[in-house]
Amino acid sequence: MKITEIFENRAVFSFEVFPPKTDAGMDKLCGAGGVLEKLYTLNPDYISCTYGAGGTNVGKNLEVMKKIRSDGSCTPVTHFTCIGNTREGIREQLQTYLDSGIDHMLALRGDLPFGWTGTGGDLHYATELVKFVRKEFGDKFTIAVAGSPEGHIACRSLEADIGFLKQKQDNGADYIMTQLCWDMDQFRYWLDAIRAAGIWLPVDVGIMPILDMKATINMALSRNGCVMPRKLCELISKHWIFPDPFVSDPFDANVEQKKADFKEAGIEYTIRQIDEYRACGIDGIHLYALNKYDDVARIAKESGIIDL
């Protein structure tokens, strides 16, 4: 079943994983009794897999997608970027996905690799990629596009970013997967603003579980420029690891206890945020699994996303 058909009847629930760089990581994710098989027990509608910067790990991405497809428990959705790609390369790669039974994609410009000033390919924006895929493949792909409730960090304004999102819709996108956003007031403003702009696509909200202090700060600031609300900053301050969480050998005597306490508080914070998102009337929850099971399973169950 197409994801768009599920949106017509109820809210969608899904996970995101990433392609491991090592054989051991692939076995942990895709092997017998691995993370994917455990995630299936939570009955997600789909599982997406990221696509490395500069097109790295494309082979591993396809391997993960083929695994999900062959298991038949949910729909595989591949991320796909413009980075370093020619039109012919995009056409060939997407045909390979179709030949493998993978017909859902998230169309992205992609994060530029360190030192790059452009995509290094024939297409420069996700708007172009959506238009190209529709021109070359018609309706063979269900196309998701990224939405940035705080505005993309590379865009000149939130209003311009909403305009580009409308262009993605006009070019043939099927639904929106949002970037992470912890600022709920901003998210509500953005949701009202895109509807006022004539964007009617279903909104599937990306949720990054707050499990690790270093990862949380990195995710907010290294790529996305996300606002961290006062409550989240208080969590980080309360459990701060001295001298700072980025030091590999901190002198803080309570480091392990602080990490455990932060994770517990972060899980509770994530569950409360999901409550707020659902109250906004969004169309789905897309939970970043981080290639793990136990923590996201707990979040999914305790938030009420799935039936216990």
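Modeller: A disulfide is taken here as a pair of cysteine sulfur atoms within 2.5 Å, and a search of the whole structure finds 0 of them. C155 is in no disulfide, the nearest cysteine sulfur being that of C226, 15 Å away. C233 is likewise in no disulfide, and the nearest cysteine sulfur, again that of C226, is 12 Å away. At 29% relative accessibility C233 counts as partly exposed, a class that lies between buried (under 20% relative accessible area) and exposed (over 50%), with a 1.4 Å probe and protein chains only.

The model is predicted, so that local features need pLDDT of at least 70 and side-chain atom pairs count only at pLDDT 80 or more, while totals for chains, interfaces and linings use all residues. Residues are numbered from 1 along each chain as its sequence is written, and side-chain values use heavy atoms, with hydrogens and water left out.

Strands (E, at least two residues) and helices (H or I, at least four) are DSSP runs numbered from the N terminus, and two strands pair if DSSP finds at least two bridges between them. Between the parallel strands β2 (residues 46-49) and β3 (residues 75-81) there are 4 bridges, and S48 has V77 in β3 as its bridge partner.

Contact, here and below, means heavy atoms within 4.5 Å.

Helix α5 (residues 87-99) has 13 residues and reaches 18 Å from its first C-alpha to its last, close to the 18 Å expected at 1.5 Å a residue, where the expected span is 1.5 Å times one less than the number of residues. Its buried residues are G89, I90, L94, Y97 and L98, and their cover includes α4 (58-71), β3, β4 (104-108) and α6 (126-137). After α5 comes G101, with a positive phi near 85°.

Just after α12, G304 takes a positive phi of about 85°.

Helix α11 (residues 255-279) holds Q273, which is buried, with a relative accessible area of 4%. Leaving aside neighbours within four places in sequence, Q273 is in contact with C181, W182, M184 and I207.

As for the rings, a search of the whole structure finds 8 aromatic pairs, of which F137 and F141 form one that is edge-to-face, at 5.5 Å centre to centre with 90° between the planes. Rings of Phe, Tyr and Trp (its six-membered ring) pair if their centres lie within 6.5 Å, and planes under 30 degrees apart count as stacked, over 60 as edge-to-face and the rest as tilted. F137 counts as buried because its relative accessibility is 7%, and F141 is buried with a relative accessible area of 1%. Elsewhere, ring pairs link F7, Y46 and Y175 into a cluster.
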